[in-house]
Amino acid sequence: MAPTIRTIGTYATQQRYLVDFFGEEFIVIVTPDPSVIGQWIHDVLSHNRFSSHPLVVGVGVQWTPSSYYSASSPVRYRSDSPPVRYRSDSPRVRRRFDPPADTLQLCVGNRCIIIQLSHCERVPQVLRNFLADRDYTFVGIWNSQDAGKLKRSKHELEIAVLLDLRKFVSDSSGRTMKRCSFEKIVEENLGHSGVRLDRKVSRSDWRVYDLRYVQILQASIDVYACCKLAILDHLWEY
């Protein structure tokens with residue numbers, strides 16, 4: 001058995017998916033719409049207001065490799081959405097170009113959202129406040145570039161403190177898993193084998209409006225597993 005994804009709703013400003021992660025189901029919303037983003041945060045905070053521990057948020061960031069920023073690789077944008085302007089696509093400039101975040105993934109419990117930053121005309125203030133709240137525990141994996149990518153996005157997002165899960169998890173013998181892959185950490189701590197972050201998917205084009213199933217599935221599993229592992233290890237105590 002492997003994780004699966006299916007569409008459960010398609011609307012003008014959002015798409016909804018159901019992911020089955022080894023028998024555990026969670027909802028994923030994909031959207032660039034400020035009102036949908038704001039409602040998601042409201043729902044998360046309302047649902048968790050009586051939680052026994054501080055809010056734990058799985059965080060992931062995706063961006064498009066600089067090799068895509070060329071005339072030979074056109075971006076398929078939604079027809080009513082203006083294209084995002086990027087720097088010159090000359091080879092010399094591309095070598096110096098550090099691509100900004102195109103998507104921001106968040107997960108709390110069984111609620112996940114993929115925010116399409118490249119297609120957001122603006123982001124709501126509630127999102128900025130949410131990310132800046134030091135009472136929350138934000139956690140991802142192999143994420144040394146994520147905060148910088150968010151800051152360099154067109155919305156210049158800042159996140160309070162973003163933890164790297166690898167620095168806190170250990171195996172059954174108590175040994176650190178700092179240098180281990182996502183696949184190994186999930187297998188050791190959650191008991192699910194074969195859950196890997198495919199490099200080809202990670203390095204695909206995240207500027208497109210209609211993200212592919214494999215992109216949505218990988219991006220959502222990343223933050224869902226990080227959230228579960230952070231709760232398992234009580235990362236809010238660090």
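Which residues does Lys 228 touch, not counting residues up to four places away in sequence? Lys 228 touches Glu 24 and Leu 190 when those sequence neighbours are left out, and this residue is found in helix α7, one of the elements described below. The model is a predicted one, and its protein chain has seven helices and eight strands. Buried residues make up 48% of the 238 residues in the protein chain, while residues 24 or more positions apart account for 65% of the contacts with a separation of 6 or more.

- Helix α7, which covers residues 213-232, has 20 residues and reaches 28 Å from its first C-alpha to its last, a span close to the 28 Å expected at 1.5 Å a residue.
- Of the 20 residues of α7, 15 are buried, so this helix is largely enclosed by the rest of the structure.
- Within α7, Lys 228 has a relative accessibility of 27% and therefore counts as partly exposed.
- The C-alpha atoms of Lys 228 and Val 56 are 8.8 Å apart in space, although the two residues are 172 residues apart in sequence.
- After α7 comes His 234, whose phi is positive, with a value near 55 degrees.

**Packing of α5 with α7**

- Two packed helices are described by the angle between their axes together with the distance between those axes.
- Helix α5, made of residues 182-190, packs with α7 at an angle of about 45 degrees, and the two axes are 11 Å apart.
- The crossing of α5 and α7 is left-handed.
- On the α5 side, Phe 182, Ile 185, Val 186, Asn 189 and Leu 190 take part, and they meet Ile 221, Asp 222, Ala 225, Lys 228, Leu 229 and Leu 232 in α7.
- Sorted by class, the residues in this contact of α5 with α7 are eight nonpolar, one polar and two charged.

**Packing of α1 with α3**

- The axes of helix α1, residues 34-47, and helix α3, residues 125-132, come within 8 Å of each other and cross at roughly 45 degrees.
- At that angle, α1 and α3 are therefore oblique to each other, and their crossing is left-handed.
- The contact is made by Ile 37, Gly 38, Ile 41 and Leu 45 from α1, together with Val 126, Leu 127 and Phe 130 from α3.
- By class, the residues in the contact of α1 with α3 are six nonpolar and one polar, with no charged residues.

- Asp 20 lies in strand β2, which runs over residues 15-21, and it counts as partly exposed because its relative accessibility is 23%.
- Although Asp 20 and Pro 3 are 17 residues apart in sequence, their C-alpha atoms are 5.4 Å apart in space.
- Not counting residues up to four places away in sequence, Asp 20 touches Ala 2, Pro 3, Thr 4 and Glu 25.
- Phe 22 is found in the loop between β2 and β3, the latter being residues 24-31, and with a relative accessibility of 17%, Phe 22 counts as buried.
- The phi of Phe 22 is near 50 degrees, which is a positive value in a residue other than glycine.
- Most residues other than glycine have a negative phi.

**Glu 156 in the loop between α4 and β8**

- Glu 156 has its place in the loop between α4, residues 146-151, and β8, residues 162-164.
- The phi of Glu 156 is near 50 degrees, again a positive value in a residue other than glycine.
- Leaving aside its neighbours within four places in sequence, Glu 156 is in contact with Arg 128, Leu 150 and Lys 151.
- The C-alpha atoms of Glu 156 and Ala 101 are separated by 9.6 Å, while the two residues are 55 residues apart along the chain.

Conventions: Residues numbered from 1 in each chain as written. Predicted model: local features only at pLDDT ≥ 70, side-chain atom pairs only at ≥ 80, totals over all residues. Heavy atoms only, no water. Axes fitted to C-alpha atoms, helices over the stretch in contact; angles between N-to-C directions. Helix = DSSP H or I, 4+ residues; strand = E, 2+ residues; numbered from the N terminus. Parallel < 35°, antiparallel > 145°, perpendicular 65-115°, else oblique. Left-handed = near helix turned anticlockwise from the far one by under 90°. Contact = heavy atoms within 4.5 Å. Nonpolar A, V, L, I, M, F, W, Y, C, P; charged D, E, K, R; others polar. Expected span 1.5 Å × (residues − 1). Buried < 20%, exposed > 50% of the residue type's maximum accessible area, 1.4 Å probe, protein only.
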